[in-house]
Amino acid sequence: MEEIMKALQNIQKELNAQKIEIQKSGEKVTEQVTLNIINKLEEKFSILEEKHQTLKENVEQQEKRIQFMEKQARQRNIIFFGIEESETSYHNLENNILQFISERLLLKLDCRDIQEIKRVGKKGDKPRPIIVTFSTLGSKVSILKHKRLLKDTQYYLNEDYPKYILEKRKELQEEANREREKGNKVTIKYDKLVILKSNNKRILMTSPESDPNSQALVGNSTTRPIKKKIKQSNPYIPRSNSVSEGVLKPSILSYLVNNNVNTPHNQTNDKTINLHS
């Protein structure tokens, strides 16, 4: 009986050991499977992230391209506000705009200077704005230069900006007001705030006569050495235009001989001097 009990105990121990091994192997398998799943998910997420980044870059490029094309399309546009809505046809509206530009802005344009013209917005009590696309950028610039003539009137005009540019310019206007309060001159160009630099004042330096140790220079100028006149032993003899090279008149020759001036013609050697009148 005792032997049977011992055998049963041994069997129980073996079963417990096998159970522990099975649990350990199960944990290892579970851990390995989990790692494999995580690795697979990470690979898929990395692939998706790369695709998302590529799509994001493509969308940004497309947005920039669309914005550039929209800017180009609106480059020659001007919006007129406050013009009475009395036209009955496209040509009537075109003639009204040309007449308005002639009377109010003192510019002579014709139909060839206008590429397209239209009113925008819903019709109501107030006259709708008019968008005019000019044939050339020069016509638009000329009109903008005469914009001041509409001051203190019910009419005004402005450049044609997209909605997101108008919102950005509104934000920049607040920043521009803050800069003006600081005393800076600023202007808004499309979607950028430009701070204008004031002209540099000229700095007056101390003159060398009043301060001999001062060597300051204004700007990038350089000092010039003072040339001293050196007295020559032989006076300068002007040459007559009628005398050719190497030929002296008798009056000049007598002067050289009397003043003992050596020239190639009156050397001590016996050479014949050719004189030509």
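**Reading a predicted chain**

Tutor: Welcome! In this chain, residues 24 or more positions apart account for 50% of the contacts with a separation of 6 or more, a contact being heavy atoms within 4.5 Å.

Student: What kind of model is this?

Tutor: This is a predicted model, in which local features need pLDDT of at least 70, side-chain atom pairs count only at pLDDT 80 or more, and totals for chains, interfaces and linings use all residues. Residues are numbered from 1 along each chain as its sequence is written, and side-chain values use heavy atoms, with hydrogens and water left out.

Student: How many helices and strands are in the chain?

Tutor: Helices (H or I, at least four residues) and strands (E, at least two) are DSSP runs, numbered from the N terminus. Here you will find five helices and six strands, in the order α-β-α-β-β-α-β-α-β-β-α along the sequence.

Student: Is Lys 140 buried or exposed?

Tutor: Buried means under 20% relative accessible area, exposed over 50%, and partly exposed in between (1.4 Å probe, protein chains only). Lys 140, in helix H3 (residues 137-145), has 5% relative accessibility, so Lys 140 counts as buried. By comparison, Leu 15 belongs to helix H1 (residues 2-74) and is partly exposed, at 46%. Of the 277 residues of the chain, 18% count as buried.

Student: Which residues is Lys 140 in contact with, leaving aside its neighbours within four places in sequence?

Tutor: They are Arg 74, Gln 75, Arg 76, Asn 77, Ile 78, Phe 134 and Glu 159.

Student: With which side chain does the side chain of Lys 140 make a polar contact?

Tutor: A polar contact is a pair of N or O atoms within 3.5 Å; within protein, one must be able to donate a hydrogen and the other to accept it, and residues adjacent in sequence count only if both atoms are side-chain atoms. For Lys 140, the partner is the side chain of Glu 159, at 3.0 Å.
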